Amino acid sequence: MSVARLKQAAKESVSGLPREFWWLWTSTLVNRLGGFVATFLAMYLTVDRGYSPMFAGLVGALHGLGGAVSAVVSGVLTDRLGRRPTLLVSQVSTAVTVAVLGFVQNPVAIAVVTCLVGMTSNASRPAVQAMIADIVRPEDRVRAFALNYWAINLGFAVSAAAAGLIASHGYLTLFLGDAGMTLLCAFIVFARVPESRPERGGAAGGGGGDMAVDKPEVGLGSVLRDRRFMAVVGLSYLVATLIQQAFVALPVAMGAEGLSSTDYGIAIATNGALIVAVQIPVTRFLEHRDPAPLLIASALLTGGGFGLTAFAGSVGMYAVAVTVWTLGEIINSPTQMGLVARLSPTHARGRYQGMYSLSWSLASLTAPLVGGAVMDRFGADALWASSAVVGLVAAGGYAALGRAMRNRPAAGGSGGGVGAASGGGAPVVGTEATSGGAASVGVSAEVGTAAEVGVGADGEVGAASGGGAAAIGAGSGGRAGAAASGGGARAGGDASPGGALGGVRAGVDEGR
């Protein structure tokens, strides 16, 4: 590929996204550039403080437990208080707890503060992901999520390398540096990132073009009853448990083979380097494609990559296995986050994002425990073989989910189809309601001789009428447009999360 084509590809990868997204992206990069503590916490506890590996594992589990709790709580706060306040509170409290962790010495205090660090640091995830869904157009969301994921991994790669040098001057410097970078991240959000939550009964907010309307509150119970979304959460958990093995079981297995920590560092560095190198070009290929086949492929690659680890005996072979499952991770992350955004009703994105984040938090809590138990009782090869089986199960689940979504389009999403026909009468358009239940929806074109009605992602509706008036309903995304020649036009409407709607309303939202 020529230099000119590379430049054009890079321009297309970053063009068309709103300025607010880039400030949010910058804050994510800054946050990850300073993410020293989570990476080196186990080494700090065992090498610097002299605690046992068992204690370090317990502390790591408490960190994951705190993250699991905050994922749900933060999701609710993101919807109720707003994205920006939740994000600012998370970042400031993370800076405080990380700094405190650098000073405490009592083991109980270390355990408690580490749990708080897990809670505060993970609380930002639902807010960031909901904000991206708010401000980025539906057709650009997969690309936006991929760019944000790229920033996370770029920051991780740099911070992991820098942390070793900083730790040589004392681990307290590491903790304070992490706290300082997190405060800088909060300042960027405070100064440059506006609130994006769609207001009820007010003007639309954000670049997503959603129309804000009065809607019934969506509680966590409604999220849990959303079967298709919870299927995505469960499948995400399966894939996440595989990826988490790379940071606990993999180094243990390599050590048992007589390989050093340096060898592990070389092998795992393949993960970060590959993501930084190919995430953006691969995402350009993934955009606007059916997510089901992509997620099936990602599950097979992830499970197969960890399965290959059973045959690895050298650093090179371990790096090959890491390459395979990293390709699965590169495909899975933006595709799955885009699917979650499609399935999330506009006014409940925080709760949905929080539940999705919970799948990763639970994986970080349970994967080390399950992986360690399998290795202790059956050996490392049994763990890698079972990882391949888990990948197959996840792929089958994604295949079933894809069939279900094709048969019954995503509630509140771009999967919803709308059609109209007119022959001088009144065409009827049917669709589904947002999260949680079916709705019968009618859209009529009055006195029209010909009408065309189309629905795009996030409930965008356009209508043209030749000779009459058209009434058009939009989904929970809420955008409606009408054009008429020789007559009038009226537009409006939205669906509520789960009942029958009358008049000019349609419950179609984009489905992440």
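Let's start with aromatic pairs: a search of the whole structure finds 9. By pair I mean rings of Phe, Tyr or Trp, the last by its six-membered ring, with centres within 6.5 Å; planes under 30 degrees apart are stacked, over 60 edge-to-face, and the rest tilted.

A word on what we are looking at. This is a predicted model, so local features need pLDDT of at least 70 and side-chain atom pairs count only at pLDDT 80 or more, while totals for chains, interfaces and linings use all residues. Residues are numbered from 1 along each chain as its sequence is written, and side-chain values use heavy atoms, with hydrogens and water left out.

Back to the rings. Take Trp22 and Trp25. Their ring centres are 5.6 Å apart and their planes stand at 70°, so this pair is edge-to-face. Both residues lie in helix α2, residues 19-33. They are 3 residues apart, about one turn of the helix. Helices here are DSSP runs of H or I, at least four residues long, numbered from the N terminus.

Trp25 counts as buried, at 14%. The cut-offs: buried is under 20% relative accessible area, exposed is over 50%, and partly exposed is in between, with a 1.4 Å probe and protein chains only. Ring pairs also link Trp22 and Trp25 with Phe21 and Trp150 into a cluster.

Next pair: Phe306 and Trp384. Centres 6.2 Å apart, planes at 20°, so this one is stacked. It links distant parts of the chain. Phe306 sits in helix α14, residues 291-308, and Trp384 in helix α17; they are 78 residues apart. Phe306 is buried at 1% relative accessibility. Trp384 is buried at 2%.

Now the nonpolar core. The definition: buried Ala, Val, Leu, Ile, Met, Phe, Trp, Tyr and Cys residues, joined through side-chain atoms within 4.5 Å. The largest such core has 75 residues. Which residues have the most contacts inside it? Phe21, Ile132, Phe229 and Leu250. Helix α15, residues 315-343, supplies the largest share of this core, 9 residues. A second, separate core has 20 residues, including Tyr44, Val98, Val104 and Tyr171.

Look at Ile132. Leaving aside residues up to four places away in sequence, Ile132 touches Phe21, Leu24, Ala144, Phe145 and Asn148. Contact here is heavy atoms within 4.5 Å.

Leu250 takes us to helix α12, residues 249-256. The buried residues there are Ala249, Leu250, Ala253 and Met254. They cover an arc of only 130° around the axis, which puts them on the same side of α12. That arc is taken from the directions from the helix axis to the C-beta atoms. What covers these buried residues? The cover includes α13 (261-286), α15, α16 (349-378) and α17 (380-407). After α12 comes Gly258, with a positive phi near 90°.

On to charges. Side chains of opposite charge can pair when their charged atoms come close. How many salt bridges does a search of the whole structure find? The count is 8. The criterion is a side-chain nitrogen of Lys or Arg within 4 Å of a carboxyl oxygen of Asp or Glu.

Asp79 and Arg351 form one of them, at 3.1 Å, N to O. This pair links distant parts of the chain: Asp79 is in helix α4, residues 53-80, Arg351 is in helix α16, and they are 272 residues apart. Both Asp79 and Arg351 are buried.

Arg349 and Asp134 form another, at 2.7 Å, N to O. Arg349 lies in helix α16 and Asp134 in helix α7, residues 124-135, so the bridge ties together parts that are 215 residues apart in sequence. Arg349 is buried at 1% relative accessibility. Asp134 is buried, also at 1%. Through shared partners, salt bridges join Asp79, Arg83, Asp134, Arg349 and Arg351 into one network.

Then there is Asp140 with Arg143, at 3.0 Å, N to O. Asp140 and Arg143 are both buried.

Last, the cysteines. The structure holds 0 disulfides, a disulfide being a pair of cysteine sulfur atoms within 2.5 Å. Cys115 is buried, with a relative accessible area of 18%. Cys185 is buried too, at 1%.

Conventions
Helix = DSSP H or I, 4+ residues; strand = E, 2+ residues; numbered from the N terminus.
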